[in-house]
Amino acid sequence: MKQDKKKKKRKLLFQIGVVLLPVFLLLMAGIFAVIYYSSVDGYLKAQDDHMKILLNMIYQGNFAGFKEDESNDNKLEWLYDSVEKDISSATSEYTDEEVSAYMEEAEKAIYGAWTYDWLIRAPGIVQSYCTKIFYKDTQMVLDAAYRDQNYSDIFVVDLTDPYRGQVLFKTKRNEGDIKAGDYFDLSATSHPAIESILTGDSRDIVFERSADIPLKGNYYIGYMPLYMNGKLRGAIGLVYDWEAIQNSILDSMKLAWILGIGGLILAMIIILTVLYRKSIRPLTKIQSIVRDYTKDKDTEETLARTAEITERNEFGLLSDDIRGMVQEIHDYTEENIRLAGEQERIQKELYEAQVSVMVSQIQPHFMYNALTSIAMMCELDPEKAQEATVIFADYLRGNMDSLKQKAPVPFSVELEHLKKYVYIEQLRFADKLKVEYDIGPTSFSLPQLSVQPLVENAVKHGVGMKKGGGTVTIATRENETSYEVIVSDNGVGFDVAAADQIRMTRSDGRSHVGMENTRKRLHDQCNADVIITSVVGEGTTARIVIPKNDSGQKDESSPKGA
């Protein structure tokens, strides 16, 4: 009898194997084909996406100051032109005479050094020094950027006549025989990506394989067009070794093949084992459960054991029927358990709701509005949406970092973070919100995120409430005893005398509490004060007054120069 049982079991397993084996062989062949064709496309797509991220980071870190759609004065374009016209001078070391001349001119300019007007009026020796400084700073950033990446080279090539093909900047990672001032042969037949940049007006990053850039060899290059004041001037090139990319693809395919074969074999073994167990073992368990229940009538044990049978077949349905009958006997106890679980669930939901309320108090409307603006921009202007996403992420990172920052930070750091906030608000308000900067001295410190609440109030309660919007001005001033940060708007204004009474009648009081926290941090860390004046219908001015001696600020003027 036992031998007959074993024969039946082996026969069933053999029958299942005979059916599954051809299916698995076909599946394996299909998977290998998919792996082969998708590996190349998938790897290159991932490589392209990775290179796009790096190129955008390089652009933001070195060339984001170029204004693409405006034709106003632009000092960076002037510096770029100077490098382009005399690359040999730009790459040379500056002399003591140039340094002395620059210091003299910068001293005369006070706060106006390194502006466009100052540069074009400066003597030639000063202009030469500024060009060299610009070149060395840009070159230094390129050389130091992304050292943990495995790219071969980064370069900037000129695309304007008569300098087309001239190398302006190049990293030292793979110097070879190419250096700044050399020329690439950018023929249309050999470099279709460059040709597409020259013949079109798209700002999209393009890719190509090259046999002669930056050296003779086999490279994969991504080019990012570099526009200034609406004109194509050059391209940033990010170079990878094509042989290394090919080897990575082949290595990935080999690993995928090994994993695929091993996985399919393992899957076949598992499936055969599972099918065998699901056809025999569930029935054995049900027989044992029924026998034990008839002896000890232990409903809890029976419910637990039948719940372990989860097969969705006839045996699973039979187990469900048995569990249903036992459940009727166990209703009263089960109901008590259910009520206890329901109470626990309600307590958990109340706790989660409390946490949700706490989280919602962290600028919920601002974050919602920012994300909504970026979402709308994704369809209208994807590049700007990408830029806005990066800035929004930097803004959030700055907010998170401020939680760990206890000491005052330089005003320049606060200003950079504030500009990200202003940028995001302008996405929402568009032309209704104008922001002007009148920045004088910056050689002082203040608590992080202490200026932003003043700007928020100016936007939300000032120009935001005014039909047609308005202008918010952010300025800094210095006198003998203190530094001042001034935030003013030409919004609707308010009655300062009645402000305290109005705040007392507010239901949430969050604006009042936020302002009081800002005042307290300024006072505790810098002995500073906030003075607010306002005229109904004309606007509001908020001044942060930071004493020099009490706050540890420097008394000397801001450093001259760039």
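**Entry 1: the strand pair**

I looked up Val487 and found that its bridge partner in β12 is Ala542. Helices (H or I, at least four residues) and strands (E, at least two) are DSSP runs, numbered from the N terminus. The model is predicted: local features need pLDDT of at least 70, side-chain atom pairs count only at pLDDT 80 or more, and totals for chains, interfaces and linings use all residues. Residues are numbered from 1 along each chain as its sequence is written, and side-chain values use heavy atoms, without hydrogens and water.

I then took the whole pairing. Strand β12 covers residues 539-547 and is joined to β10 by eight bridges, the two running antiparallel.

**Entry 2: the sheet**

In what order do the five strands of the open sheet lie? I read β7-β9-β10-β12-β11, with mixed pairing. Two strands count as paired if DSSP finds at least two bridges between them. The edges are β7 (433-438) and β11 (529-535), each of which pairs on one side only. Neighbouring strands are turned by 15° against each other on average, direction ignored. Axes here are lines fitted to C-alpha atoms, for helices over the stretch in contact, and angles run from 0 to 180 degrees between N-to-C directions.

**Entry 3: helices on the sheet**

I checked helix α14 (residues 411-429), which lies across β7, β9 (470-478) and β10. Its direction is at about 160° to β7. Helix α15 (residues 452-462) also packs on the sheet and touches β7, β9, β10, β11 and β12. The direction of α15 makes about 20° with that of β10. Contact means heavy atoms within 4.5 Å.

Between α14 and β7 comes a loop that holds Ala430. I noted a positive phi there, near 55°, in a residue other than glycine. Ala430 is partly exposed, at 43% relative accessibility. The cut-offs: buried is under 20% relative accessible area, exposed over 50%, partly exposed in between (1.4 Å probe, protein chains only).

**Entry 4: other backbone points**

Trp114 also has a positive phi, near 70°. I placed Trp114 in the loop between α4 (96-109) and α5 (116-121). Is Trp114 buried or exposed? Trp114 counts as buried, at 7% relative accessibility.

I found a cis peptide bond between Asp161 and Pro162, with omega about 5°. Pro162 sits in the loop between β1 (153-158) and β2 (167-170). Another cis bond joins Ile213 and Pro214, with omega about 0°. Pro214 belongs to the loop between β3 (206-210) and β4 (219-228).

**Entry 5: two helices**

Gln47 is in helix α1 (residues 2-62). Gln47 is buried, with a relative accessible area of 9%. Leaving aside neighbours within four places in sequence, I list Tyr220, Tyr240 and Ile245 as its contacts.

In helix α9 (residues 299-307) I found Thr299, Thr302, Leu303 and Thr306 buried. Seen down the axis of α9, these fall within an arc of 100°, so they line one face of the helix. The arc is that of the directions from the helix axis to the C-beta atoms.

**Entry 6: confidence**

The protein averages 77, and 77% of the residues score at least 70.

How values were computed. pLDDT = per-residue confidence, 0-100.
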